[in-house]
Amino acid sequence: RPSTPAFQARIEAVVADLEPILADQLLLWDSGVVGPPRIQDGWKEHNAVRDLALEPLVLDLLRQLYGREPFAFQTLNFAVGSEQHYHSDAVHFNSYPHGFMCGVWFALQDIEIDSGPLHYFPGSHRLPYLSARSLGLTPELIKAEAHPQTLFEAHWQQAVSNHGFQQERFLAKRGDVLVWHANLLHGGERVHNRQLRRWSQVVHYFFADCL
């Protein structure tokens, strides 16, 4: 958990910047009209999002863990729990050699259990990498599916059952940072109290000298 004043200021700036933008969508979410709102690639328009994605302490940690220069390529910002089925990021974007992509989850507030916290399955990153081809999914089938990730979910459920992976929740405190491997199964728990917020920022990173 980075605790420098500069890091804390970056966290505050992200929430202050995005809260007014999501206000209308959050009213609809609170009343059950829409699904969980999020902002993708907010770094393009919001310096606060970009600054947090480039947090020097996190970049230095990634250099030490991976032995290569990291670079951020996507941000996702959430005000509430995503309720997303557990999944591997590697089916969405990957690297060659494998493994040189990671996600970093920044808690922008204390996370409560009824707000739909992040969950993950330790050890699942060692599963074989999955692709549409390995499951026999054709381009036509993927194109016809509004949410192609659902085509993989039965396989992930079976893998969790077969290997006995145990789910863990990330009940983070404000400022906590979680780094996960490209192939780790992770998702968002169901939100039991829609009035609770779960401000967070996810940043995905690639590394130098990879495809």
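With which side chain does the side chain of Gln149 make a polar contact of 3.2 Å? In the predicted model, the partner is the side chain of Gln84. A further polar contact, of 2.9 Å, links the side chain of Gln149 to that of His92. Gln149 is situated in the loop that runs between helix H4 (139–144) and helix H5 (150–163). With a relative accessible area of 11%, Gln149 is classed as buried, because this value falls under 20%. When neighbours within four places in sequence are set aside, the residues in contact with Gln149 are Gln84, His85, His87, His92 and Trp156.

Backbone geometry was examined next. Most residues other than glycine have a negative phi, and most peptide bonds are trans. Against this background, the peptide bond joining Tyr96 and Pro97 is cis, with omega at about 0°. Pro97 belongs to the loop between strand E2 (70–78) and strand E3 (101–107).

Positive phi values occur at Asp41, where phi is near 55°, and at Asp209, where phi is about 65°; neither residue is a glycine. Asp41 is located in the loop between strand E1 (38–40) and helix H2 (47–53), whereas Asp209 is found in the segment after strand E8 (200–207). The assignments follow from the cut-offs, because buried requires a value under 20% and exposed a value over 50%.

Conventions: Residues numbered from 1 in each chain as written. Predicted model: local features only at pLDDT ≥ 70, side-chain atom pairs only at ≥ 80, totals over all residues. Heavy atoms only, no water. Helix = DSSP H or I, 4+ residues; strand = E, 2+ residues; numbered from the N terminus. Buried < 20%, exposed > 50% of the residue type's maximum accessible area, 1.4 Å probe, protein only. Polar contact = N/O pair within 3.5 Å; in protein donor to acceptor, adjacent residues only side chain to side chain. Contact = heavy atoms within 4.5 Å.
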